[in-house]
Amino acid sequence: MLPSRRVYFLLILGIAIAPTLAFFVSIPASLLITLLFDLMVLGLMVVDGLQVRRQEVQITRELPTRLSIGRDNPVLLKVKSDKTNAVIQIRDDYPTGFAVSAPVLRTTVFSNSTQELTYTVHPTQRGEFSWGDIQLRQLGAWGLAWDERKILQSLKVKVYPDLVGLRSLSIRLTLQSTGVNRQSRQLGLGTEFAELRNYRTGDDLRFIDWKATARRVGAYGTPPLVKVLQPEQEQTLLILLDRGRLMTGRVQGLQRFDWGLNSTLSLALAGLHRGDRVGVGVFDRQMHIWIPPERGQHHLSHLIDRLTPIQPVLLESDYVGAVTHFVQQQTRRCLVVVMTDLVDVTASAELLAAVSRLTPRYLPFCVTLRDPQVDLLAQIAALEDGVTDAYTRAVALDLLAQRKVAFAQIKQKGVLVLDAPANQMTDQLVDKYLHIKARNLL
């Protein structure tokens, strides 16, 4: 039981009027009256607090079964009051390290009603966390006492990669495949036969199907039939995700590895939607985990379960060893995505040597997660004054220049390259993959 502000105000008021009473009665009498007044206030506070316990509200918590890292996950608290109006304060014992939209919730619940309160948590780490009980304070009917109690709601929660982003991407890919956002098919893009249609002005004559046209029964002047091709399905996509030292740095609140893991799962989802066989390897000094390529949407759940517990480590990555392991496991031609980061030309020498071994047998695709803060420093620092700002801008520009040189060397080896800010990588990577499929580069 805790006194409210009204109690403190009344106690201070009693002390303040004691000197005034001394003008009308004796000083001992004024002190006695003040003491009796304060005792009465405290007594009413105790009675008010005891009454609250006979009119306690009920609270239940609802939250997603799997939380998404880097997202605002909603938490719903249902508050039910049966007998009287209730003024309450709620503090939920969410896991330490989670950012929350409202640490303390305050509201008034009317009698015989249920009110829903919502706040969000923003986890920045994957794993299993303990969620504690709900701390509740309920104000008495006279507004003199807060009754404080604990509602047992402790449980274990798991934080996964960005499942919210995966759901949004799945909807987008489904709309594309059903034709809502799909671009019209073009002749010559792809190798698999899609359909026959009438010849239109501007169509390539090489795609006229003369045999089908000859079998066509119709009047004179019937237009010839042309073949419409689409990108080949059921190819193989292999993703090699680095979990070494370079992936431990934080970008926009998350580790670079978490951004890479989100992009890996999004790319795997896109590949499975397109009918490809998708496999994933996670490496540092050695191949930490290898998931052979499979097709089907059930494979995405398998990937999420296997990859979620993995954390980055402070070890230098062995790119050549990872590529060697991959070549031994996958002999047929496929798209190989190496997801990592690089610093400069010297540090990228081993990465360049590794991806160069993949051409021309495979189609290598080097994906690097850039820190957008470096781009910001290179642009904004130019407007500032002072030696420190000039030095900061010079360092940022030098880092960007060295990245460009390293990527130029990688491209010369016939390797596809994508360098994008870590927080924008998912969309750009999926779009690049769909472009590769549409142009039938594999």
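Trainee: Why is alanine 422 called buried?

Mentor: This is a predicted model, and in it alanine 422 has a relative accessible area of 1%. Buried means under 20%, so alanine 422 counts as buried.

Trainee: Where is alanine 422 found, and what is it in contact with, leaving aside its neighbours within four places in sequence?

Mentor: Alanine 422 sits in the loop between β22 and α11. With those neighbours set aside, its contacts are Val251, Trp259, Leu369, Arg370 and Pro372. For a contact, heavy atoms have to be within 4.5 Å.

Trainee: What about alanine 212, is it buried or exposed?

Mentor: Buried: its relative accessible area is 8%, and the cut-off is under 20%. Alanine 212 belongs to helix α4, residues 210-215. Beyond its neighbours within four places in sequence, alanine 212 touches Leu196 and Leu225.

Trainee: How far apart are alanine 212 and arginine 149?

Mentor: They are 63 residues apart in sequence, and their C-alpha atoms are 81 Å apart in space.

Trainee: Back to α11. How do you know that its span is close to the one expected?

Mentor: Helix α11 covers residues 425-438, which is 14 residues. The expected span takes 1.5 Å times one less than the number of residues, and for α11 that gives 20 Å.

Trainee: Which residues of α11 are buried, and what puts them on the same side?

Mentor: The buried ones are Met425, Leu429, Val430, Tyr433, Leu434, Ile436 and Lys437. They cover an arc of only 160° around the axis, so they lie on the same side of α11. In general, an α-helix has 3.6 residues a turn, so residues three or four places apart point the same way.

Trainee: What covers the buried residues of α11?

Mentor: The cover includes helices α3 (163-178) and α5 (256-273), along with strands β15 (236-242), β20 (335-340), β21 (363-370) and β22 (416-421). After α11 comes asparagine 440, with a positive phi near 55°. The C-alpha atoms of asparagine 440 and alanine 422 are 27 Å apart.

Trainee: Which helices each supply at least two residues of the lining of the second largest pocket?

Mentor: α3, α5 and α11 do. That pocket has a volume of about 390 Å³. Its lining has 26 residues, and Arg71, Asp162, Gly165, Trp259 and Thr426 lie nearest the centre.

Trainee: How many residues of that lining are polar?

Mentor: The lining has 13 polar residues, with nine nonpolar and four charged. Gly counts as polar, so Gly165 of the lining falls in that class.

Terms used:
Residues numbered from 1 in each chain as written. Predicted model: local features only at pLDDT ≥ 70, side-chain atom pairs only at ≥ 80, totals over all residues. Heavy atoms only, no water. Helix = DSSP H or I, 4+ residues; strand = E, 2+ residues; numbered from the N terminus. Buried < 20%, exposed > 50% of the residue type's maximum accessible area, 1.4 Å probe, protein only. Arc of directions from axis to C-beta. 1 Å grid on protein atoms, 1.4 Å probe; cavity = no way out; pocket = protein on both sides within 12 Å on 5 of 7 lines; lining within 4 Å. Points joined across faces, edges and corners; volume = space filled by probe spheres on them.
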